Amino acid sequence: MTERLQEAISHIHEPWGGALCLDFANSIEPRGGPPPFALPPGFVARDELTSYLGLVAWAVRLNQLSPATGAALLHTAGSNQDGARRVLARGLTLREAIYRAFAAVARGERVAASDLARLHGEHTE
């Protein structure tokens, strides 16, 4: 595993969602009420997926990729930055669909058809 990957993994918080999909949705916080949402005093906002490196580090940290696979993906991304950006964008779109779906369920609302379609499409892919 590369030093860069190890460093990025060290910044991934301890998962607490109880399910991989919730941990993925929680890779950004805070999640809160309607805008403008004010952070509590002393709270530091974080987004662990601001880069392809962050996405790979998150997956390695949560044992979804081996460290060797993570390092290989980062090596490949070095010569395919457009591909890495597309994968990151796809991951962020999925993360938001997961969040909106679970937030709707928590509020007792119907999950948007577009979010269900995104989740189904990624699942079948």
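Predicted model: local features only at pLDDT ≥ 70, side-chain atom pairs only at ≥ 80, totals over all residues.

Modeller: Residues are numbered from 1 along each chain as its sequence is written, and side-chain values use heavy atoms, with hydrogens and water left out.

Colleague: How do you know how many helices and strands the chain has?

Modeller: They are DSSP runs, numbered from the N terminus: helices are H or I with at least four residues, strands are E with at least two. That gives six helices and two strands. Their order from the N terminus is α-α-β-β-α-α-α-α.

Colleague: Why is aspartate 115 called buried?

Modeller: Buried means under 20% relative accessible area, exposed means over 50%, and partly exposed is in between (1.4 Å probe, protein chains only). Aspartate 115 has 5% relative accessibility, so it counts as buried. It lies in helix 6, residues 113-124. Leaving out residues up to four places away in sequence, aspartate 115 touches Ala97, Arg100 and Ala101. Contact here means heavy atoms within 4.5 Å.

Colleague: And histidine 13, buried or exposed?

Modeller: Buried, because its relative accessible area is 18%. Histidine 13 sits in the loop between helix 1 (3-10) and helix 2.

Colleague: What makes the pairing of histidine 13 with arginine 46 a polar contact?

Modeller: A polar contact is a pair of N or O atoms within 3.5 Å; within protein, one must be able to donate a hydrogen and the other to accept it, and residues adjacent in sequence count only if both atoms are side-chain atoms. The two side chains make theirs at 3.2 Å.

Colleague: Why is serine 51 called partly exposed?

Modeller: Its relative accessible area is 28%, so serine 51 falls in the middle class. Serine 51 lies in the loop between strand 2 (46-47) and helix 3 (52-61). A polar atom of its side chain is 3.0 Å from the backbone nitrogen of glycine 54.

Colleague: What span is expected for helix 5, and what does it reach?

Modeller: The expected span is 1.5 Å times one less than the number of residues. Helix 5 (residues 81-106) has 26 residues, and 38 Å is expected. It reaches 37 Å from first C-alpha to last, close to that value. Its buried residues include Leu88, Leu94 and Ile98. Among the elements covering them are helix 4 (67-79) and helix 6.
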